[in-house]
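Open the model in your viewer and keep the selection tool at hand. Each stop tells you what to select and what is there.

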Amino acid sequence: MIITWFTDPSGGNIRAAPHKLSSYYHYDTETMDLVRIRLELQRKKATKDTRSTAVFLNEKRIVGFYTGDDLLYVNKHPDSSFRIVDGQIQVSGQPLKQLPVKKDLAVDMGSMDNSIHIGSEVTLKPNLPPGITLQHLNLLVNKALDERRNVMLTTHNVSPIELARRIRAVALEQQQIEHQREMRHIIKKMSSLTIGPHTSESEENREELNKKRGRISLGDDATTPPVSPVQRQIVGKVPKLKGPGLR
């Protein structure tokens, strides 16, 4: 199962901190791959943190959620209280929830080293760079999963517009790769068929191939092939994000 959610690093005060753009998480419960897209700009300097915007791939992670209304909850339970039991995170013997709701805090732990990461509050109204949609972000997720690596985007001190331009460029590159992969699959499938002028199966495949040659826009007047279907999303009702480019 695929679980996705957005978090709000501004703590609900985005007007006072417009640079604190939302993060996007994509978690596969079967492979335990957790992808985090960090878009926050002007991050404060921290140890071993470049402060860059990036797509981070974390392997073998266990994820759980608890209600974010009690922000002192984690302080009441030191790291030693966090345990992984039967594939679930427990705090002082109590299992965390498996699905997020608004204002939950997400906890992810390494299944091998028990390292802990606690995210910001879950939000259903993400603050994204101008023109960036969920479809762009899912293409970035696909790139990190395909290449099995982190994907750097920008330095921490760029503008939201510059960040959006970089996201569109990386998404476009991934979209083209997926299109070419799909075309090769279709051509290979067609080459294995006996194609004749009156073969209904060959006609269907030719029609499918022609459809794949269509074009749609990712913004910035870039013309690109259609996006392959992305994974099923689970996070309540994520709002439709309107703006230029893909919708």
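This is a predicted model: local features need pLDDT of at least 70, side-chain atom pairs count only at pLDDT 80 or more; totals for chains, interfaces and linings use all residues.

Select histidine 19. Leaving aside residues up to four places away in sequence, histidine 19 touches Glu40, Leu41 and Gln42. Contact here means heavy atoms within 4.5 Å. Histidine 19 sits in the loop between β1 and β2.

Residues are numbered from 1 along each chain as its sequence is written, and side-chain values use heavy atoms, with hydrogens and water left out.

Next, colour by secondary structure. The protein chain has 4 helices and 13 strands. Both are DSSP runs numbered from the N terminus: helices are H or I with at least four residues, strands are E with at least two.

Select the sheet. Its 8 strands run in the order β5-β9-β10-β1-β2-β3-β4-β11, with antiparallel pairing, and the sheet is open. Two strands pair if DSSP finds at least two bridges between them. Which strands stand at the edges? They are β5 (61–67) and β11 (151–154); each has a single partner strand, so one side of each is left without a neighbour in the sheet. From one strand to the next, the twist averages 25°.

Zoom in on β3 (residues 34–38) and β4 (residues 53–58). They pair in the antiparallel sense over 5 bridges. Pick valine 35: its bridge partner in β4 is leucine 57.

Now show the helices. Helix α2 (residues 134–147) lies across β1, β2, β3, β4 and β11, at about 50° to β2. Helix α3 (residues 160–191) packs on the sheet and touches β4 and β11; its direction makes about 145° with that of β11. Axes are lines fitted to C-alpha atoms, for helices over the stretch in contact, and angles run from 0 to 180 degrees between N-to-C directions.

Last, zoom out to the whole chain. How much of it is buried? Buried residues make up 45% of the 247 residues. Buried means under 20% relative accessible area, with a 1.4 Å probe and protein chains only. Among contacts between residues at least 6 apart in sequence, 64% join residues at least 24 apart.

Key: Buried means under 20% relative accessible area, exposed over 50%, partly exposed in between (1.4 Å probe, protein chains only).
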